[in-house]
Amino acid sequence: MTATLPVYSKKDFQTDQEVRWCPGCGDYAILSAVQSVFPELGIPREKFVVISGIGCSSRFPYYMNTYGFHTIHGRAPAVATGLKLSRPDLEVWVATGDGDALSIGGNHTIHMLRRNVGLKVLLFNNRIYGLTKGQYSPTSEIGKKAKSTPYGSVDRPFHPLSLALGAESTFVARSVDVFQAHLKATLRKAAAHQGTAFIEILQNCNIFNDGAWETLTEREVRDEHTIAVEHGQPLVFGKNKDKGLRMRGLELEVVPLGNGVTEKDLIVHDERHPNPGYAFLLSRMDSTPGFPTPLGVLRAVEAPVYEAGVNAQIRDVVARKGKGDLGRLLQAGDTWEVK
Amino acid sequence: MATTTTEAPARRRETLEQAVIRFAGDSGDGMQITGSQFTNTAALFGNDLATFPDFPAEIRAPAGTLPGVSGFQINFSSRDVFTPGDTVDVLVAMNPAALKTNLADLRTGGVLIVNVDNFKETDLKKAQSATNPLEDHSLDGYRVFKVELTKLTRLALKDLGLDAKSMDRCKNFFALGMCYWLYNRTMDGTHKWLDDKFKSKPVLAEANKLAMKAGHVYCEATEAFEVSYEIPPARLTPGVYRNISGNSALALGFVAAAQKSGLMLFQGSYPITPASDILHELSMYKEFGVMTFQAEDEIAAVTSAIGAAYGGALALTTTSGPGMALKMEAIGLAIATELPLVICNVQRGGPSTGLPTKTEQADLFQAIFGRNSEAPVPVLAASTPGDCFWVALEASRIAIKYMVPVIVLSDGYLANGAEPWKVPSLSELPDFPVHYRTDPEGFQPYFRNPDTLARPWAIPGTPGLEHRIGGLEKQDVTGNVNYEPLNHERMVRLRAAKVAAVVQEVPDVVPAGDAEGDLLLVGWGSTYGAITAALRAQRDKGRRIGHVHLRHLNPLPRNLGEVLERYGKVVVPEMNMGQLVWMLRAQYLVDAEGFNKIQGKPFKVSEIEAKIEEVLMPAAERGQEMRR
C-alpha cells in the first residue's frame, strides 16, 4: 500500500471552494493544521471522509479535498457511526462545535464516546453560537451577555472534556487554534488512536466572542494559565516552570517549586491511567482560581473498538453457519405444499 | 382420532366452510402462544387464514383487570380468507375481564368456553362486574361451557411434581386441546413445537402436552360438545407455503433486496412498538451480512442509515409514527443529498404516544408531506402481511435506482397479523445489481441519468471521485454550495421530477370486480382484506362495484384519474379522518367520499358492506332513511 501511495502535500487537501469564514476566525488555523497533518498520515486521500453537523465549524468538509458530508445539526456523530460501522476501511473525521456536539447533538456525542467508534472528533469550542449570530452556548461562562441573554446567562456550562470522560471516552485531548505546533502534534496522536479520539480545540470567534480564550493565548500570561501535559512528565507550569501540581487527598493542589518541593513531589502525567478519575480532575481544575487549563492528551487508553466488534460478530456467524442461503431462509420454519 | 366415531356414535361431525376462534385472557395467560399454535396447525392443515393478535400496551397490567386483557383471533377456512373475521364463533374467556371485553364480538349462538375457576368474587371485582355473568343470564344467547380449567389442569399434571404456579401456566394448553378437539385437529405440530421450545426443560414440554391432551380428552369424555367440526383445506395456488406476519415479511424482503442488489444491508433502528420485531428479526440474519444498529434514538437510527447509504450500503430504518416524526429532518437530508434509503413506518394509533399496540393508517399525510419545504419522496404501502415482502423489495429497488429515500407504510394490523404466504422461488425475485460510479473522467456529483434523473452513487474510497455533499442547496450538476435563486428553483423542480419519474415503475391500476360501474372503492394498506371481502359479497348480490388498492401512493398510477371516472361514485375507506380521499379530491377533482374508522381496530367486512349499501341505495330510499 505505502509503496504506491502518492506523496501528498498540504495542497492536495485544499479544495477550490472559497473559504467562507469571517476574516480572523480561528477556524482558518484549524483547517490549516488538519490540511498539514493529513498528508503525513500515510493514508490514501480517497479513504478520508470528513463529516460535520451545522455551525461555522461544520463548513469544514467543503474546504477539505477529501470525501465530505455536511449533515444536519448535531447528527454528525450518528452519520459517521453508520459510515464507520459499514465501512471500517475509511478514515472518518468529525468536525463539530460546542453547540453542535454538546447541545443539539449531545446525545449522539455521549453514545459515540460510550461505544468507542473509530472516529476522530474535532470539537471547535468558541463558547458562542456564531452562525446564528451570537447566542450563548452550552460552554459559555455563567453570566454571559449575548443576543439571547441580555441580562447574562444563568445556566452552568459544560466542561467538554469532563463530559467526554464521563462518557468513558478512550482518548481525550485539548489544543488551541493558534498553537499550531501543539495542535498538529495533538492531531497526529488522535490519528494514531484506536477508537473515538475526542479533541477540544479552543477557538476564537473574533466577531461574537472575541478574546474567548485570551487569558490562555496571550503571550504574557499564557504560561501562567495553561499547562501542557505530556505522558511521563511531571505536571509543571508557569513562565519560569516554577509551579507544579500534586495530590492532596482527593484534590489537586498547585505548589510552588522550591523550599524543599521538587518535581519528585509532583504528579507524573499518566495518560494511560486506567481510572478516568485522574483525567477528570485535570479536566475541570481550571474552574478553581489559580489552577491552569490543561492542554495536550489527558487520556489515551486502549479499549475494544465498536466497529471492530460489530464486524467481527458478523464474520464469526458467517464462519460458523456459512454464508446465508436466501432460498433456505424464505422457506424456514413450518412450510407446507399445496399441489 | 379414528376412534372418535366408534366411541361416541351420537356425536356428529359437521363440515363448515370457515370458523373464527378468539382466545382471550390475561396478558400473562399465554393467549398469543395459544393462538399462534392454533394458527400454525390450521396453516399446516392447509386452511387459508388470517389472524388478529390484540394485546395491551402494558407488559403486565394488573392481573385480571380489563386493561390487562390480551386476545388472539384466527379466521380459518376452506375458501379464501381476507380478514380475521367480523364476529367470533368460539370465544375462550379465561377470566371475567376477558369475557367482558370480548363478548360483544361473539355471534349469537356461538360457543363460549369459560374458565369458571377464575370467576370468584375477587375476579369479578377486578373486572368491575357487578354481577356474575355466569349466573345473571347475560349469557343466555350463547352455548356456554363452564369448565374448571385451572382445577382440571392441575389434576392432569399432579404427578409431574410441579409447583402450582407452573401448573397453572399450562391451562392455556388445556383450552387449546379443547379447540383442537372441536375442530378435529392433530396435536402433532404443537407437540413438536413444545419439544423444541422446552428442549432444556423437558418437564415443561410434558406438562403442556398433558394439559392439552386433558383438554382434548375432556371434550371427548364429558360429551359436553354434541358436535365437532371439520374445515377442509383451502384451494390455494400450488406452491410451498408458510405462515408469515407483516414484520417478518418486511425483514425477509430487505434481506432479499440486499442479496438481489449485491449490497450489504444496514439497518439503523430504535425500539418502538409495533416495529421492533423487524429489528429483532434482522439482527438474527448476520450470516447474510446484515448489520443491525440499535441506535441511541430515532434520529441516530435514520442518520446512521444515511451514513451507511453514503458508504454504499442498502440502508434501512424502521419505526412507527412518533419515531417517524423525529426522523423527518434527516429524511430531508437524504432527499437533498440524493442518497438511497428505505424508511419503514409501521403505523399505530396517534397522535403522540397514542395507542402503541393498536392499528391506524393516519400517517399517510406525514409520509407524503411531513418534511419542511418541497420534499417529495416515493411512498409505498403494503396491503397484506405477505405483501410486506414484495413492498420491501420494491422500495429498495426504487431507492437505489433513483437515488432517493423511499417511505414504506405498514401498520400494526399487518405487522402482527399473519397469513399463509406462498414462498417465492428465487427466480421470481428481480435482480438489481448496483454499479457505483468509479470513473473519474467527467465525474460530477449531481450529473443525472436522463431516464431516472438519479445522480451517480460515488462512494468514499473511490480514487479520484473525492467530493463534498450536504444539506445546503447545491448547484445543478457540480453539487457545489449555491444560493442563486434560479438554481434553487431548478433544483427543487429536479428533485420533484425525479420522484415523479418513479411512475415508470408503477403499473397501471386494474380494478378488482367490475371494470366500470356504480361504485369504486379505493383503498390502501391493510384495509385490503376487508374491502376485498365486502366487494365479493356485494357483487354476489348483483351490485356493480370495482376496487382499486393502491400500493404506490406517491407517485400515483398514471391511469388512476381515468379509472376514477368510470364509476358513478367513489368511496375511500380508511382508518383515519380521510387522508387518501383528500389527496384524490385534490389531484383529480373527483367527488370522492371518505369512509372512516378511527378506533384502533381494522374495518369489519360488515361495516364496509353497510357503507356500500348506503351509498348505492336509490336516492328516494336514502332520503327516507335519513328522515327516519
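Modeller: An axis here is a line fitted to C-alpha atoms, for helices over the stretch in contact, and the angle between two axes runs from 0 to 180 degrees between N-to-C directions. Two packed helices are described by that angle and by the distance between the axes. The model is a predicted one.

The axes of α2(A) and α4(A) are 8 Å apart, and the packing angle is about 40°. Angles under 35 degrees count as roughly parallel and those from 65 to 115 as roughly perpendicular, so α2(A) is oblique to α4(A). On the α2(A) side the contact is made by Pro77(A), Ala78(A) and Thr81(A), and on the α4(A) side by His108(A), Thr109(A) and Met112(A). Sorted by class, this contact has 3 nonpolar and 3 polar residues and no charged residues.

β2(A) pairs with strand β17 (residues 468-470) of chain B in the parallel sense, over 3 bridges. One bridge has Gly68(A) facing its partner Arg468(B) in β17(B). The loop between β16 (418-422) and β17 of chain B holds Leu453(B). Leu453(B) has a phi near 65°, a positive value in a residue other than glycine. Leu453(B) has 20 C-beta neighbours inside 10 Å and therefore counts as buried, as 20 or more are needed for that class.

The rest of chain B can be read by domain. The assignment gives domain 1 (4-230), domain 2 (242-428) and domain 3 (512-627) in chain B. In chain B, the C-alpha centres of domain 1 and domain 2 are 35 Å apart. Their contact draws 13 residues from domain 1 and 8 residues from domain 2 of chain B. On the domain 1 side, α2 (31-45) and β3 (48-54) of chain B are the elements that give two or more residues. β3(B) gives the largest share of that side, 6 residues. By class, the domain 1 side comprises 9 nonpolar, 3 polar and 1 charged residues.

Two loops of chain B come next. Arg235(B) sits in the loop between β8 (227-230) and β9 (239-245) of chain B. Arg235(B) counts as exposed because 12 C-beta neighbours fall inside 10 Å. In the loop between β13 (341-347) and α14 (364-369) of chain B lies Pro351(B), which is joined to Gly350(B) by a cis peptide bond with omega about 0°.

Further along chain B there is an open sheet of 5 strands in the order β18-β20-β19-β22-β23, with mixed pairing. β18 (512-513) and β23 (593-596) of chain B are at the edges with a single partner strand each, so one side of each has no neighbour in the sheet. Within the sheet, strand β19 (residues 517-524) and strand β22 (residues 567-574) of chain B pair in the parallel sense over 4 bridges. Leu521(B) has Val571(B) of β22(B) as its bridge partner. Helix α18 (residues 528-540) of chain B lies across β18, β19, β20 (545-550) and β22 of chain B, and runs at about 170° to β20(B).

Two loop residues complete the picture. Pro555(B) is in the loop between β21 (552-554) and α19 (560-564) of chain B, and a cis peptide bond with omega about -10° joins Asn554(B) to Pro555(B). Leu589(B) is in the loop between α20 (580-588) and β23 of chain B. Its phi is near 50°, a positive value in a residue other than glycine. Leu589(B) has 10 C-beta neighbours inside 10 Å and so counts as exposed.

Terms used. Residues are numbered from 1 along each chain as its sequence is written. Chains are lettered from A and ligands numbered from 1 in the order in which they are written. This is a predicted model: local features need pLDDT of at least 70, side-chain atom pairs count only at pLDDT 80 or more; totals for chains, interfaces and linings use all residues. Domain bounds come from an automatic or database domain assignment. Two residues are in contact if their C-beta atoms, placed from the backbone, lie within 7 Å. Ala, Val, Leu, Ile, Met, Phe, Trp, Tyr, Cys and Pro count as nonpolar, Asp, Glu, Lys and Arg as charged, and the others, Gly among them, as polar. Two strands pair if DSSP finds at least two bridges between them. Angles under 35 degrees count as roughly parallel, over 145 as roughly antiparallel, 65 to 115 as roughly perpendicular and the rest as oblique.
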